[in-house]
Amino acid sequence: LVTKFGGRILVDSAPGAGTTVRILLPPAPFTKHMEPRAAEKAAPRTPKRAGTPRRILVIDDEANICEILDEYLSRGGHDVATASSGEEGMEILKRRTFDILITDLNMPRVSGWELARRVKHDSPSTLTIMLTGWGTNIEELNSREPVVDRLLFKPVNFASLSAIIAEAADK
């Protein structure tokens with residue numbers, strides 16, 4: 001994975017002294033959906049309340065991501081629902097509508113891409129945010145089938161997330 005992104009792994013080890021592993025990665029590329037990592041600002045502890053509270057569905061197979069986003073977005077006054085799998089997310093989507101979908105891309109069985117496709121089909125005005133820890137070419141996929149409105153990389157930059165939600169509230 002590290003070499004896939006043009007990085008290197010350096011390991012220093014000595015008996016009785018322990019082991020140090022360093023992972024060196026090049027800077028993240030700039031995309032129209034994301035500021036360069038170096039320009040990111042520290043996230044505020046509590047998001048600013050911007051306009052109308054939004055109904056937000058967060059879907060990620062990593063429970064800690066769901067918990068963190070739920071707490072952060074709820075503190076911002078939003079109505080948040082979470083799902084720990086694509087299947088669970090699909091069930092929630094059958095019962096409720098949302099202003100914003102935040103979904104992990106790589107999940108077993110039902111991917112974030114499939115979820116975004118369904119949401120855009122059923123509710124084109126819903127803002128879809130793809131959350132990923134992998135370097136993938138979302139823009140290329142999205143040019144063929146536009147289902148993703150914004151892209152966020154893990155770890156989540158809360159300042160960027162807040163700006164995206166505020167921008168959606170303004171529209």
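Select K154 and E62. Their side chains meet in a salt bridge, N to O at 3.0 Å. A salt bridge here is a side-chain nitrogen of Lys or Arg within 4 Å of a carboxyl oxygen of Asp or Glu. K154 lies in the loop between β7 (150–153) and α5 (158–170), and E62 in the loop between β3 (55–59) and α1 (63–75), so the pair ties together parts 92 residues apart in sequence. Helices (H or I, at least four residues) and strands (E, at least two) are DSSP runs, numbered from the N terminus.

This is a predicted model: local features need pLDDT of at least 70, side-chain atom pairs count only at pLDDT 80 or more, and totals for chains, interfaces and linings use all residues. Residues are numbered from 1 along each chain as its sequence is written, and side-chain values use heavy atoms, with hydrogens and water left out.

Colour the pair by accessibility. K154 is buried at 16% relative accessible area. E62 is partly exposed at 35%. Buried means under 20% relative accessible area, exposed over 50%, and partly exposed in between (1.4 Å probe, protein chains only).

D104 is buried, with a relative accessible area of 3%. Salt bridges that share partners join D60, E62, D104 and K154 into one network.

Move to helix α1 and select E71 and R75. Their side chains meet in a salt bridge of 2.6 Å, N to O. The two are four residues apart in α1, which separates them by about one helical turn. Both ends are partly exposed: E71 at 43% relative accessibility, R75 at 42%. The count of salt bridges comes to 12.

Next, helix α3. Show G112, W113, L115, A116, V119 and K120; these are buried. Look down the axis: the buried residues of α3 fall within an arc of 160°, so they line one face of the helix. The arc is that of the directions from the helix axis to the C-beta atoms. Then show H121 and D122, which are exposed on the other side of α3.

Zoom in on K120, in helix α3 (residues 112–122). K120 counts as buried at 15% relative accessibility. Where does the side chain of K120 reach? Select the backbone oxygen of P124, 3.0 Å away. Leaving aside neighbours within four places in sequence, K120 is in contact (heavy atoms within 4.5 Å) with T126, T128, P146, V147 and D149.

Go to the surface. Select I9, V11, V21, I23 and L25: a nonpolar patch with about 480 Å² of accessible area together. Patches are made of residues with over 30% relative accessible area and no salt bridge; like charges are joined within 9 Å, nonpolar side chains (Val, Leu, Ile, Met, Phe, Trp, Tyr) within 5 Å. Accessible areas come from the Shrake-Rupley method with a 1.4 Å probe; for residues, only the protein chains shown count as cover. Strands β1 (8–14) and β2 (18–24) each supply at least two patch residues. V21 sits in β2.

Finally, zoom out. The chain has five helices and seven strands. From the N terminus they run β-β-β-α-β-α-β-α-β-α-β-α. Of the 171 residues, 40% count as buried.

Terms used: A polar contact is a pair of N or O atoms within 3.5 Å; within protein, one must be able to donate a hydrogen and the other to accept it, and residues adjacent in sequence count only if both atoms are side-chain atoms.
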